[in-house]
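Q: I'm new to this one. Can you walk me through it?
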Amino acid sequence: MRPFLNFRLFRKFFRMSDVAANAQAGQMMTADGIPLKKSLKASLRREKLRAFGLVAGPALFILILFVWPIYALFQKSIDDSFVNDVLPRTMAIYEQWDGVDLPGEPHFEAMYLDLTSAEKLEIGKVSTRMNYAKSGWKSLIKKSNRKFKKIDAEQPIQPQMIKADKRWGDVEFWKSLGIMKDRTTAGYYWNAIDRTYDDKKNVIMQPENRRVYVMFWKRTLLVSTIVTIACLVLAFPVAYLLATLPLRISNLLMICVLMPFWTSLLVRIVAWMIMLQQQGVLNDSLVGLGIISDENRLPLMYNFNGTLIVMTQVLLPFMILPLYSVMRGIPPTYMKAAQNLGATPARAFIRVYMPQTIPGIGAGVILVFIVAIGYFITPELVGGKDGQMIGNQIAYHLRKSLNWGLASAMGVILLSAILILYWVYDKIVGIDNMRLG
Amino acid sequence: MALPIYATTGQRIWHYTYLTICGLVLFFLVAPLIIVIPLSFTSSPFLSFTPEMLR
C-alpha cells in the first residue's frame, strides 16, 4: 500500500500548490521565464508517472492473476452464446415460430442445415449444452447425425427428419430451444440453487428427485460454522496458555501448533483415516478398554463427523496463531489491576481480558470460516457420502460432468457469499480491528 | 501462569482442569503426526499396525 499512499500525498501536495499558483496567476514566473503553474504541472506529471511506474508492476500482477480470472469465471457462468454460434440459422428464425404447433418446414430446414454444416466436435459440445435445457437432446442429435445422411435435401425436410427420429415431431424439444436463444443466461445460477426454466423461461423448482444443491449449500454453511466455533473454543485456552507462559516454555509448546501446520495436508488426512476408521486406532483402543462394545464401533470416518473432525484439526492453527499474537500484546497487569479493584478472576477475565482479544478472535474466525467454506480436499477424502460440501460439487462439474457454466456459477455464488460475510464483518467488528499476527 | 500460594481449592481444581484441556487440544493437534511415524515402518501393503511393530 505504500506507493498508493505516497501517490496520494503527492497529489494532495501539488493540488495545494496549484491553488497557490492560481491565486497569483499571471504574476509568478520561474527563473527561466516559464509560468510557475506550468512548471509545477510538469514536475507534478513527472511525479505522477513515477508513482504510477512504482505501482504498475503489482497492479498488472493483480490484474492478470486476480481480476482477469474472476472476470473469466463470471463470464463463463452467464455465457450462453454457444448454441447461437453453432445453430445460427435455427436461432435466427426461431422468433417467427408461434411456439404452439409443430414448427414449419423453414425451421426444420434451418435445423437440418445447421446440424449438417457444423463441425462434429462443436455438435457434440452444443448437444451437451442443449441437454441441460431438456434431457434427450444429446441422444436425439447423436442419432440424427447418423440418419441425416439419408435425407434428400431436394424433398421437403420436415417429414424426413421426423421419420429419422420421431422426437423431431415433439413440440417440447422445439420449445426448449427458446431457453437458449439469448446469448447470456442466468440459468446456471438458478440451477445452482435447484431451480430451472420452464419452456417460457419462467423460473420453477427442479423436479423433486433432482434437488441437491440447496442441501449442499446448507451443509457447507453448517460445516463451516461448526468448524469455526469448534476452532475458537479449542484455540482460545491454548492461545491463552501460550501467551501467558514464559517464552522459553511457550516456544516449545508452539512447536505442537506449528508442526501440523508445516506437515502436508495429505499426510494429516491419511493419519486421521488410520485413527478414526471403524477398525482404526481410536475405535480399537475404545473397544480394548471396554468402553464400547465391538458391534458399536463409532462411525467417525467417511461421513459428516469425519469432515468435521479433520477440518477442525487442519484449521486450528489458523485460529491459534492470530489469537496468540493478540494475547501476547495484552499486558498482564490489566488483569491484576482488575482483581486488585475487587473483581473475581472470572469477572476480570470476561470484562477486562476478553474484550481485548476481539481483534484476534475476529481475525481467526474470518480466516477459518473463509477457508472452510471453500474446502474441497478434506471432504473429498474423508467426507464419504454425507460429508461432501459445495467445493466437491464444483470439482465434480469441472472434472467429471464438464458443466463448467454451473461450476462457474457456483464459484461466483461462493465468492459473493464470502464478500458479503466480509462486508458484514466489517460493519459489525470493523476490518481495521483485525490483527492477523 | 503459576498458581499463587493463596489459591483456593476451586481455583486449584480449575487450574489443573485447564492445563488438561490445553494438553488434550495440543495432543489433538499432533496426534496425526505421532501416528504416522510407526506406520511408516509397516511391512503390510495396507496402512495397518502389525504385531511385528511391537518387537
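Q: Is Leu221(A) buried, exposed or partly exposed?
A: Leu221(A) is partly exposed, because 16 other C-beta atoms lie within 10 Å. A residue is buried with 20 or more other C-beta atoms within 10 Å of its own, exposed with 12 or fewer, and partly exposed in between, the C-beta atoms being placed from the backbone.

Q: Where is Leu221(A) placed?
A: Leu221(A) is in helix 11 of chain A. Helices here are DSSP runs of H or I with at least four residues, strands are runs of E with at least two, and both are numbered from the N terminus.

Q: What separates the C-alpha atoms of Leu221(A) and Gln75(A)?
A: Their C-alpha atoms are 26 Å apart, and the two residues are 146 residues apart along the chain.

Q: What kind of model is this, and how are things numbered?
A: This is a predicted model, in which local features need pLDDT of at least 70 and side-chain atom pairs count only at pLDDT 80 or more, while totals for chains, interfaces and linings use all residues. Residues are numbered from 1 along each chain as its sequence is written, and chains are lettered from A and ligands numbered from 1 in the order in which they are written.

Q: What is the mean pLDDT of chain A?
A: The mean is 88, and 93% of the residues of chain A reach 70 or more. pLDDT is the predictor's confidence in each residue, from 0 to 100.

Q: Where in chain A is confidence lowest, and where highest?
A: The lowest is helix 1 (residues 2-23) of chain A, with a mean of 51, and the highest is helix 11 (residues 213-244) of chain A, at 95. Over residues 1-5 of chain A the pLDDT is below 50, and this stretch has 4 contacts in the model beyond near neighbours in sequence. Two residues are in contact if their C-beta atoms, placed from the backbone, lie within 7 Å.

Q: Back to the whole chain. How many helices and strands are in chain A?
A: Chain A has 21 helices and 2 strands. Buried residues make up 29% of its 437 residues.

Q: What is its radius of gyration?
A: Chain A has 32 Å, whereas a compact globule of 437 residues would have one near 22 Å. The radius is taken over C-alpha atoms, and the globule rule is 2.2 Å times the number of residues to the power 0.38.

Q: And chain B, what is in there?
A: Chain B has 1 helix and 0 strands. Of its 55 residues, 9% count as buried.

Q: How many residues of chain A are in contact with chain B?
A: 21 residues of chain A are in contact with 16 residues of chain B. Helix 13 of chain A gives the largest share of the chain A side, 6 residues.

Q: How do helix 13 and helix 15 of chain A pack?
A: Helix 13 (residues 265-276) and helix 15 (residues 304-328) of chain A pack at about 135°, with their axes 11 Å apart. So helix 13 of chain A is oblique to helix 15 of chain A. Axes are lines fitted to C-alpha atoms, for helices over the stretch in contact, and angles run from 0 to 180 degrees between N-to-C directions. Angles under 35 degrees count as roughly parallel, over 145 as roughly antiparallel, 65 to 115 as roughly perpendicular and the rest as oblique.

Q: Which residues of helix 13 of chain A make that contact?
A: Among them are Leu265(A), Ile269(A) and Trp272(A) of helix 13 of chain A.
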